[in-house]
Amino acid sequence: YLITERIGDGGSSIIYKGIHSILKLPVAIKMLKHEMAMDPDFIAIFSDEAKIIAQLNHPQIVRVYDIEELYRTVFIIMEYLEGVPLRQLLDNSGKMPVPKALEIVLQTCYGLEYAHRSGIIHQDINPRNIFVLPDGSAKIIDFGLACRIGSIDTNFLFPGTIYYISPEQIRGDPVDERTDIYALGVTLFEMTTGTLPIAGDDMKALVNWHLNEEIPDTRPLFPDLPDEIHAFFMRSIRKDPDARFRNISEVIDLLKPLSEKLGVQVVPDFCVQQKMIGMFLVYQEQQQLTLTRLIEEFNRNVRDAGAVLRITHFEEP
């Protein structure tokens, strides 16, 4: 992979744009910063992110192509995305028309539904981690805090982003689908109202709100929003997980009819995307018999794994 430019900088990583030197495929390369790479725990977390995303094969989730350990750090090679984070769209516009907000949120729901069925909780759904492509497609990015359903954070570091974090994450309780639903509720609230349910930057007040203060009836505050949006707020941004939607499918059942009524067609793509790995084998004629046997054995293992091996012969000029 050839790095071409630096496109992002996070607390623990740097994002580069790059290209596969043979396939000419544009990629995003996420590199763990060297000071973080000195900590074995950070390396483990960083590597786990790649392994988690690599398991997920869905149009609304960023894809991972490869992971490399070089130069005393770790690189995650990912799908390169053209577009902008939802955060940037909201910063530019303040709020979104309801049809556009529904288009983005429903796509996010389909991605989350798939991840949840795979046993994965994102844990950090917010406008920075929803990426919007030029054609309007939305993809969930940054699985750095993702974990298995039922996991408990033992570090007490508030996994998540404070304005969107769920009460159970703050308390260190087990997390499940309803954790992501809470964050998605706050996200749609911001998308459609231009504000957050709780303002300010006082950490103590923010934590107290998430733990103890229920969201008030939003209908008098935002009378122009459809009833379904208010119903979503009141069943997602709840302090008791048992008072929320049980799963993302229930959210889709509420919001999809509204989107269709408003002329927004979001069709889920449940087809599993096919991936391809390209390899070049350079050999001399006297090695062909031995290599043929090795390829036959490799092909049997490939078939057992449910994949298909395609072989094309090239003659060197």
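Analyst: Y65 is partly exposed, at a relative accessible area of 31%. Buried means under 20%, exposed over 50%, and partly exposed in between, with a 1.4 Å probe and protein chains only. Y65 sits in strand β4, residues 64-70. Helices (H or I, at least four residues) and strands (E, at least two) are DSSP runs, numbered from the N terminus.

A word on the model. It is predicted: local features need pLDDT of at least 70, side-chain atom pairs count only at pLDDT 80 or more, and totals for chains, interfaces and linings use all residues. Residues are numbered from 1 along each chain as its sequence is written, and side-chain values use heavy atoms, with hydrogens and water left out.

Now the salt bridges. The rule asks for a side-chain nitrogen of Lys or Arg within 4 Å of a carboxyl oxygen of Asp or Glu. The count by this rule is 18.

Take K30 and D142. Their side chains form a salt bridge at 3.7 Å, N to O. The two are 112 residues apart and link distant parts of the chain: K30 is in strand β3 (residues 26-32), D142 in the loop between β9 and β10 (147-148). K30 is buried, at 9% relative accessible area. D142 is partly exposed, at 33%.

R87 and D91 form a local pair. Their salt bridge spans 3.2 Å, N to O. Both lie in helix α3 (residues 86-93), four residues apart, so about one helical turn separates them. R87 is buried at 14% relative accessibility. D91 is exposed at 54%.

E228 and K261 make another salt bridge, with the closest N and O atoms 3.5 Å apart. E228 belongs to helix α8 (residues 227-236) and K261 to helix α9 (residues 248-261), so the pair ties together parts 33 residues apart in sequence. E228 is partly exposed, at 21%. K261 is exposed, at 59%.

One group goes beyond a pair. R6, D9 and K33 are linked in a salt-bridge network.
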